[in-house]
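Please view the sequence and the model together while reading.

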Amino acid sequence: MKNIAIGLLVVILISILIEPMTEMANVFREKIIVSTALFNACRAAKDRSLEYEMLRGLDAKIDEDKFKHYFADAFEDTLNVTRQSGVDNAMTFTSNDGKYNTFTVTLAFSERKDFESNQLVSEVAVKAESLYKFKTKYLKLAEKASKDVDYQIIGERKLILSVKH
């Protein structure tokens, strides 16, 4: 009888220790997924939104509306989300399958002249934020019990676009 009680105690303690480790593995996996989605969406938008007339003078100028459109399309396809709204340079995406909470993506565009080559260089800073949706039983219970267990997944990318001859 004593051995059965010890066995049950060990199983309970192991489950309490293993579930947070499993959740941390899920968090790292989702951070990688969001980072990859940002990278792919930025790359697709960058390739399609450069103004070709400006490339003749070796200037890298981005059409901001095209960038936002192509970025949103690629981001939607990668994470299976749908764009809900967009005000200025902030976009909101919701998950189609309930796998993620709402994503808020902000884009910051800037341009500057390179002093050495006197060319126009464009910069785009992209930041995606979402509350993490817990997967394991104990942490879902902790999330329901308290409002202070939220974990934010943040992905950031910065594109510096210049034309080299």
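This is a predicted model: local features need pLDDT of at least 70, side-chain atom pairs count only at pLDDT 80 or more; totals for chains, interfaces and linings use all residues.

L17 counts as exposed because its relative accessibility is 56%, and the cut-off for exposed is over 50%.

Attention now turns to the aromatic residues. A pair of aromatic rings is described by the distance of the centres and the angle of the planes. The structure contains 7 aromatic pairs. One of them joins F71 and F75 in a stacked arrangement, with 5.6 Å from centre to centre and 15° between the planes. Both F71 and F75 are located in helix α3 (residues 64-79), where they stand 4 residues apart, about one turn of the helix.

Y132 and F134 also form a pair: their ring centres are 5.4 Å apart and their planes meet at 90°, so this pair is edge-to-face.

Are the residues of these two pairs buried or exposed? The table gives the relative accessible area of each residue.

| Residue | Relative accessible area | Class |
|---|---|---|
| F71 | 0% | buried |
| F75 | 0% | buried |
| Y132 | 1% | buried |
| F134 | 10% | buried |

F134, for instance, is classed as buried because its relative accessibility of 10% falls within the range for buried residues, under 20%.

Key: Residues are numbered from 1 along each chain as its sequence is written. Side-chain values use heavy atoms; hydrogens and water are left out. Buried means under 20% relative accessible area, exposed over 50%, partly exposed in between (1.4 Å probe, protein chains only). Rings of Phe, Tyr and Trp (its six-membered ring) pair if their centres lie within 6.5 Å; planes under 30 degrees apart count as stacked, over 60 as edge-to-face and the rest as tilted. Helices (H or I, at least four residues) and strands (E, at least two) are DSSP runs, numbered from the N terminus.
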